[in-house]
Amino acid sequence: MAQDPRVTNVEDLPGPKSKGEMDEFKMPYEQYCKKLFDAGNEHTKPKPLNGIRWLSCTMYIFTPHSVANLAELGAEVIKLEIPRMGEPMRHTSPFNEVYLYPFSDMRPMTGTGLGYTNANPNKYFVTMDYHVPEMREVFYSLVKKSDGLTELYRPGTLDKWKMSYRFLSEINPRFIYVWGGGFGYGPKVFGGSYDILGQAHAGLASITGMHEYMGGHCSKCTNWVIDWQSGNLISCAIMAAIHHRRKTGLGTMIEFSQVQVPTRMLGHTTTMYGKFGIVRQRWGNWDTQLAVHGIILCGKSDFPDAENPQDRFDARYVMVSAFQDRDFKELCAITGLNELYEKYKAHKDRVEGEAQVEIYAALERWAADKSRSEVAKTLGDAGLLAEPVRNDREVYESPHYRERGTVRWMEDPLFGDLVVHGGYSTGLMEKSPRRINWHWRPLGADNKKIYRDLLGVPLTKIEEWYKKAYI
Amino acid sequence: MCDIIWCKKEVDGKKCDTINYLDPYCFWNWEGKINCAECGTVYYIHMIQGFMYRGPEERPGEKSDTSPLYADKPYDGYSNYRPGVEGRTRPFQCTPRKHLLGVADKVKFSIRGRPVRGWRPQPPSAGLAGSHGFNWDIQKLSPELWEEYQKKLAADEVKDW
């Protein structure tokens with residue numbers, strides 16, 4: 001501030017101070033936001049969870065994904081795996097063909113399968129057989145230096161090994177302990193779980209897929225959505241526990257049942273049953289609350305000559321949305337189905353099951369001589385919402401995802417050129433974005449870093465453990 | 001689930017009674033000779049899509065093409081030969097299949113033409129206790145690939161997307 005209040009310095013006034021700032025002020029809001037997020041330059045920004053160290057005794061996707069979220073946000077995650085073997089997901093690959101080599105120095109002919117993708121970026125990979133009493137002490141020394149642990153063993157397994165919350169919280173009262181159980185505590189506490197079991201047990205699969213009288217069956221989502229979503233919800237719980245610890249100075253235990261996650265994703269289903277006693281049914285590609293708001297089948301493929309059958313046969317689906325009265329009127333006018341508009345002018349009439357069957361069947365008859373993109377263009381030009389159902393290749397080629405950095409190429413430090421999306425498909429953050437540093441690393445790749453650099457174990461001891469297969 | 005060869009060959013007046021497991025990753029579509037892990041008797045088999053089309057037929061005096069992955073003796077307290085016992089079982093190499101023929105689908109370049117470590121074997125990192133460095137130095141560790149990559153670059157075959 002100037003000494004004399006009668007003197008005005010331009011620096012003290014609100015508003016731009018330079019030409020660059022002036023340009024910035026003039027920038028349209030979208031450009032301004034793009035500049036803030038600056039997709040592609042995540043590595044120049046701070047890591048939000050820097051300073052958090054997390055241990056992971058996890059396998060498959062459900063629990064590893066819960067800590068992958070932390071690792072992408074900058075936490076130092078140490079994954080402990082079985083010596084020589086690694087966790088089972090390393091040996092899982094689509095059609096058992098897609099691997100990145102090497103698996104480890106000991107097994108040059110084996111690779112890690114792409115099933116490991118997205119659940120393990122940025123982690124440090126350490127081998128440890130914690131059944132061995134000598135290694136249990138090493139495990140405890142890691143606990144002393146860490147903020148938390150996620151494990152997925154059957155209930156009481158780690159307690160039997162003196163590695164459960166009640167033992168570890170004695171060693172480190174600030175320790176946050178996560179047990180990701182299949183069923184969690186309850187009558188089925190000892191039941192293990194898989195994604196498909198979760199989808200079935202909590203009823204998600206019962207309302208997925210077309211109704212049986214339309215030739216459909218209950219369906220699981222092809223991808224392991226419950227695994228991925230369970231991981232996300234555990235990460236939320238961990239963030240809350242970290243916040244709680246900042247206030248109280250104390251750690252906590254989180255118990256998470258995988259099979260309960262679909263109930264969270266079922267929306268109104270259970271509440272509707274509680275209120276009306278109605279058991280929800282499947283409604284497949286349509287919607288029980290909005291019509292028209294569904295996916296229809298077109299007669300022609302967008303890529304009739306493609307070699308890949310997914311392109312050749314399946315590029316025929318398009319999502320159509322016209323549930324508001326004026327949109328529905330427009331849709332009926334374009335498709336020549338004016339009689340349907342007359343019949344179902346009110347949304348409450350056309351959302352009824354019988355009406356939807358009639359409307360969607362009529363729309364598919366209209367689309368029988370058209371391709372997916374023709375339908376999308378015709379409806380889009382009329383101001384209606386219509387979008388082809390894309391496959392992987394089309395997502396990869398989509399300029400939208402490329403511009404946002406959702407799908408991008410990265411030079412993995414160890415494995416080379418890879419397309420990644422996991423860490424960048426979770427939203428943009430201005431000051432503390434997620435980032436992928438490495439896709440994964442070979443089994444035991446960070447043994448020396450963790451045992452020597454973090455715990456101060458001499459190299460001769462590390463070598464001895466390695467020869468004994470303790471690590 | 002896999003097929004088996006239950007070897008009942010009499011050796012020294014005693015039945016061999018060993019179950020040799022024909023794991024589908026190797027034998028799903030396969031014709032050739034395989035040894036019994038216990039007594040070494042060579043059997044000819046021809047499997048088509050996991051179905052034992054022909055065999056097992058004994059082939060005395062002939063050399064086997066491969067070994068079972070695992071074998072056990074149920075009447076001997078399930079004593080077993082785990083993978084990789086020299087001369088008896090073959091090591092487990094997680095051999096991926098291509099159209100179930102036991103051939104790994106390996107790649108050296110991504111779809112945009114840049115090097116990716118999708119083939120084997122890879123040179124060891126020479127790190128202590130399996131530790132790895134953070135950098136795949138292509139020129140040093142994979143010189144043949146490096147040369148191939150330079151040719152691709154010169155031919156403008158390397159793309160951004």
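A:Thr378 comes out partly exposed, because 16 other C-beta atoms sit within 10 Å of its own; on this scale a residue is buried with 20 or more such neighbours within 10 Å, exposed with 12 or fewer, and partly exposed in between, with C-beta atoms placed from the backbone. The residue belongs to helix H16 (residues 372-381) of chain A. In sequence A:Thr378 is 47 residues from A:Leu331, while in space the two are 9.9 Å apart, C-alpha to C-alpha.

A word on the model itself. This is a predicted model, in which local features need pLDDT of at least 70 and side-chain atom pairs count only at pLDDT 80 or more, whereas totals for chains, interfaces and linings use all residues. Residues are numbered from 1 along each chain as its sequence is written, and chains are lettered from A and ligands numbered from 1 in the order in which they are written.

Chain A has 20 helices and 13 strands, taken as DSSP runs numbered from the N terminus (helices are H or I with at least four residues, strands E with at least two). Along the principal axes, its C-alpha atoms fill a box of roughly 85 × 80 × 50 Å. Of the 471 residues in chain A, 37% are buried. Contacts are counted when C-beta atoms, placed from the backbone, lie within 7 Å; among those in chain A with a separation of 6 or more, 67% link residues 24 or more positions apart.

Strands E6 (residues 148-151) and E7 (residues 176-181) of chain A run parallel and are joined by 4 bridges, with A:Thr150 opposite A:Val178.

A:Val178 turns up again in the largest nonpolar core, which has 68 residues; A:Leu70, A:Ala75, A:Val77, A:Ile78, A:Tyr177 and A:Val178 touch the most other members. Such a core is a set of buried Ala, Val, Leu, Ile, Met, Phe, Trp, Tyr and Cys residues joined through C-beta atoms within 7 Å. Helix H3 (residues 62-72) of chain A gives the most to this core, with 5 residues. Apart from this core lies another, of 23 residues, including A:Cys298 and A:Leu337.

Towards the end of the numbering comes helix H20 (residues 459-467) of chain A, whose buried residues are A:Ile462, A:Trp465 and A:Tyr466. These cover an arc of only 100 degrees around the axis, so they lie on the same side of H20(A); the arc is that of the directions from the helix axis to the C-beta atoms. Helix H19 (447-454) of chain A is part of what covers them. The face turned away from the buried side carries exposed A:Thr460 and A:Lys467. Just after H20(A), A:Ala469 takes a positive phi of about 60 degrees.

Conventions: Two strands pair if DSSP finds at least two bridges between them. Two residues are in contact if their C-beta atoms, placed from the backbone, lie within 7 Å.
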